[in-house]
Amino acid sequence: MNKNKDMKMIETKKTSMDEWPEPIIRVQSLAESNLSSLPDRYIKPASQRATTTEEAPTATNIPIIDLEGLFLEDGLSDDVIMARISEACRQWGFFQVVNHGVRPELMDAARKNWREFFHLPVQAKETYSNSPRTYEGYGSRLGVEKGAILDWSDYYYLHHLPLHLKDFNKWPSFPPTIREVIDEYGKELVNLSGRIMKVLSSNLGLKEDRFQEAFGGENIGACMRVNYYPKCPRPELALGLSSHSDPGGMTILLPDDQVFGLQVRKNDTWITVKPHPHAFIVNIGDQIQILSNSTYKSVEHRVIVNSEKERVSLAFFYNPKSDIPIQPLQELVSTHNPPLYPPMTFDQYRLYIRTQGPQGKSHVESHISPR
Ligand code: OGA
Ligand code: NI
């Protein structure tokens, strides 16, 4: 709606993108200093806090879908599985997948290596310290707004694709196995993402490769943010990650195997996800919501923290090539069903979250075209 105004604001902020607006404090350091209270910078306004940080009873969970037998050599085979994925993308924007083809040992190794990395002393990680220009490396905030209320987490952000952005020197080198494990994990997740993209296309009556083509074919982006949520002295006042929708195409999350924390918005309630052993959590990002002209939903989610246990999660983001315009697919629009979003590249789009930090779904909604 206010596209020009938004973009202008982002342009002016760009000048300060080389540095953070104030000194960075590692949440790990705060957590290890045995604080008796929570510093003000982490206290969320009452309206954003979670009402409970207890594990929710078994009642509701996001759909769990078994992919066994779905991907056969001569194409997608199973209408029942396809229909379940279709419904999950429309109604939930989120689902868990099991029998997805990624080896459980690799999933465990990835979690273990990253946990060891985050257990290094803060000092040892500072060499990887990131800046808001690319976000690559070790970070402790999203957004550059001075004085913003911060989230209770540190993270590591790195690229798998395109290959010219994949730079081992920007990946951690400890523990000694980590680079090799991240590399294999990235390749497996690119592969799994490609297969799920086919399902998403077919389920809209499009040819299997349609989403992949719209993403730029071979030239897609893939990156990863590993989130570290330390124990929090006052979990009811803080959030590990504020409510947001993922700006990219599709996210495949490997949650902690012991500690819950992810909450997904369903209408006006927050559902705490109960991860199934060795499942991945898949969610639709803003770019697929846009391509599908809002048939698939990019849904808000957030992370709660607790005082007893730390939590580690690996979020893998599968994104369109960053400099091609993304807009509702022409096959899905008509005079009765006009495009809801103007074309925009992912580079332009993600500047918003990179400057404003996570802020619900205000972004994708601010780009809905006036009718
Ligand atoms: C993210 C995210 C959820 C989690 O990194 O975008 O939503 O459980 N993470 O850490
Ligand atoms: Ni997210």
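Hi everyone, let me start with a term: a cavity here is a set of points, on a 1 Å grid over the protein atoms alone, where a 1.4 Å probe fits but cannot get out, and lining residues have an atom within 4 Å of a point. Grid points are joined across faces, edges and corners, and a volume is the space filled by probe spheres set on the points.

What you see is a predicted model, in which totals for linings use all residues. Residues are numbered from 1 along each chain as its sequence is written.

So, how many cavities of 30 Å³ or more does the structure hold? There are four.

The largest cavity has a volume of about 280 Å³. Its lining has 18 residues, and those closest to the centre are Tyr157, Arg225, Pro247, Phe317 and Ile353. Which element gives the most to this lining? That is H9, with four residues. Helix H9 (346-356) is joined by strands including E6 (154-161) and E7 (221-229), each supplying at least two residues; helices (H or I, at least four residues) and strands (E, at least two) are DSSP runs, numbered from the N terminus.

Now to the second largest cavity, with a volume of about 140 Å³. Of its 18 lining residues, Leu241, Leu253, Leu262, His301 and Ala315 are the closest to the centre. Here E14 gives the most, four residues. Among the other strands that supply at least two are E9 (250-254), E12 (280-284) and E13 (301-303).

Methods
Chains lettered and ligands numbered in written order. Predicted model: local features only at pLDDT ≥ 70, side-chain atom pairs only at ≥ 80, totals over all residues. Heavy atoms only, no water. 1 Å grid on protein atoms, 1.4 Å probe; cavity = no way out; pocket = protein on both sides within 12 Å on 5 of 7 lines; lining within 4 Å.
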